[in-house]
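Please examine the following sequence and structure before reading on. The paragraphs below lead from a single residue to the chain as a whole.

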Amino acid sequence: MTTAPDELLLPVPDEDGAPFWEYAAQGELRVQACTACGRLRFPPRPCCPHCQSFDSEWRPVSGRGRIWSYVLPHPPLLPAYAAQAPYNVILVELADAPHIRLAGNLVSSADAPLDSVDPARLRIGARVQVVFTETGGMAVPRWILEKP
Ligand SMILES: [Zn+2]
């Protein structure tokens, strides 16, 4: 993978995860669900870790969650990230599936830069809502505070 210095890294979908990105491109957050036992799972994989079924579907979730944890990356950073530091990387616990945590960034709006939220405002447990940012031809899930 090659990137220009001003470009952020993009997800590289694999066969199991491709539907996640296809739904994201439509503005939908979906996670894989086992059609045998009904459990939601992430990251996507062929086989259910609970009942070993290979049957699955992609189920929409509310897009709401809470900040489970976060970090503020420090140098050395790739040039495109250094230009936006200090920014955050958060782990979001999904409201519909608290055992699923998605990594992302907290931003002030879908198209705002990675440093658009003051790090002092980050709180574990804060309620967030997914938004989708178009970047490099992909729709990438990011998060905004429910109460800005
Ligand atoms: Zn199952």
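Leaving aside neighbours within four places in sequence, V92 is in contact with G65, R66, I67, W68, R101, L102, G104, V128 and W143; two residues are in contact if their C-beta atoms, placed from the backbone, lie within 7 Å. The model is a predicted one, in which local features need pLDDT of at least 70, side-chain atom pairs count only at pLDDT 80 or more, and totals for chains, interfaces and linings use all residues. Residues are numbered from 1 along each chain as its sequence is written.

One of the partners of V92 is W143, which is found in strand β8, residues 138-145. Helices (H or I, at least four residues) and strands (E, at least two) are DSSP runs, numbered from the N terminus. Is W143 buried or exposed? W143 is buried, because 24 other C-beta atoms lie within 10 Å; a residue is buried if 20 or more other C-beta atoms lie within 10 Å of its own, exposed if 12 or fewer, and partly exposed in between, with C-beta atoms placed from the backbone. Not counting residues up to four places away in sequence, W143 touches I90, V92, G104, N105, L106, V128, Q129, V130 and V131.

Both V92 and W143 belong to the residues with the most contacts inside the largest nonpolar core, together with I90, L106 and V128. This core has 24 residues; a nonpolar core is a set of buried Ala, Val, Leu, Ile, Met, Phe, Trp, Tyr and Cys residues joined through C-beta atoms within 7 Å. At least two residues of this core come from each of α1 (18-25), β1 (30-34), β5 (89-94), β7 and β8. The largest share, four residues, is supplied by β7.

How is β7 joined to β8? The two strands run antiparallel and are linked by eight bridges; strands pair if DSSP finds at least two bridges between them. E134 has A139 in β8 as its bridge partner. β7 and β8 form a hairpin with two residues between them, and G136 in the turn has a positive phi of about 55 degrees. Strand β7 (residues 127-135) is also joined to strand β4 (residues 64-71), by three bridges in an antiparallel arrangement. There, G65 stands opposite V128 in β7.

Finally, the whole chain may be considered. The chain has two helices and eight strands, in the order α-β-β-β-β-α-β-β-β-β along the sequence. Of its 148 residues, 23% count as buried.
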